[in-house]
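Student: I've got a structure open and I'd like to talk it through with you. Can we go question by question?

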Amino acid sequence: PIGKFCIEFIGGLAEENEAIEECCRRELKEETGYTLDRVIKHSVENYPIHVGFPEIADQKGMFFLGIIDGDAEVNKNVHQSLDQNEIIAVHQIPFDEKILERLTQFAKDGNYAIQQKVWSFALSITAKLVLGFPLDK
């Protein structure tokens, strides 16, 4: 609908009776080819922490934060397992003080839109690293 590629987080739908961590691992593997090393934090099952646009849709989401060991053998020559209608390119963007600058460059190049959740996450990283705001309090 937006006519551009979108820089966004990995996402997908859970299979019937699939636990959130299993879903996270499966979606990461399918969309990027990478194998998740460990989950640091995820949403509580059956308790969504994100509601997309509550004024227009009943959209709920779960989130996770995980670690990928890029040096692990399983993550050396990765291959995606995309559905026929999916077009996904993997961009590795470091979580550092230049994250907003990098995302802005994608947008300036004209062919990309930045997902609101990604931009908000980047603002949080910047607040912590550049401005020294404590995110853990």
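Student: Is Cys23 buried or exposed?
Tutor: This is a predicted model, so treat each value as computed from it. The cut-off for buried is under 20% relative accessible area. Cys23 has a relative accessible area of 10%, so Cys23 is buried.

Student: And how far is the sulfur of Cys23 from the closest cysteine sulfur?
Tutor: A disulfide needs two cysteine sulfurs within 2.5 Å. The closest cysteine sulfur belongs to Cys24, and the gap is too far for a bond. A search of the whole structure finds 0 disulfides. The distance from Cys23 to that sulfur in Cys24 is 5.8 Å.

Student: What about Cys6, how does it count for accessibility?
Tutor: Buried stops at under 20% and exposed starts at over 50%. Cys6 comes out at 31% relative accessibility, so Cys6 counts as partly exposed.

Student: Which residues of H1 are buried along with Cys23?
Tutor: H1 has 13 residues and reaches 18 Å from first C-alpha to last, close to the 18 Å expected. Besides Cys23, the buried residues in H1 are Ile20, Cys24, Arg26, Glu27, Leu28, Glu31 and Thr32.

Student: Now His79: buried or exposed?
Tutor: His79 lies in the loop between strand E5 and H2. Exposed takes over 50%. With 63% relative accessibility, His79 counts as exposed.

Student: Which residues does His79 touch, not counting those up to four places away in sequence?
Tutor: His79 and Lys29 are 50 residues apart in sequence, yet their C-alphas are 8.5 Å apart in space. The residues His79 touches are Lys29 and Gly33.

Student: How do H2 and H3 run relative to each other?
Tutor: Their axes come within 9 Å and cross at roughly 150°. An angle over 145 degrees counts as roughly antiparallel. So H2 and H3 are roughly antiparallel.

Student: Which residues of H3 meet H2?
Tutor: H3 has 14 residues and reaches 20 Å, close to the 20 Å expected. On the H2 side, the residues involved are Ile99, Leu100, Leu103 and Thr104. Those from H3 are Val118, Trp119, Ala122, Leu123, Ile125 and Thr126.

Student: Last one: in what order do the elements of the protein run from the N terminus?
Tutor: There are 3 helices and 6 strands, and 23% of the 137 residues count as buried. Among contacts between residues at least 6 apart in sequence, 53% join residues at least 24 apart. The order is β-α-β-β-β-β-α-β-α.

Terms used. Residues numbered from 1 in each chain as written. Predicted model: local features only at pLDDT ≥ 70, side-chain atom pairs only at ≥ 80, totals over all residues. Heavy atoms only, no water. Helix = DSSP H or I, 4+ residues; strand = E, 2+ residues; numbered from the N terminus. Expected span 1.5 Å × (residues − 1). Buried < 20%, exposed > 50% of the residue type's maximum accessible area, 1.4 Å probe, protein only. Contact = heavy atoms within 4.5 Å. Axes fitted to C-alpha atoms, helices over the stretch in contact; angles between N-to-C directions. Parallel < 35°, antiparallel > 145°, perpendicular 65-115°, else oblique.
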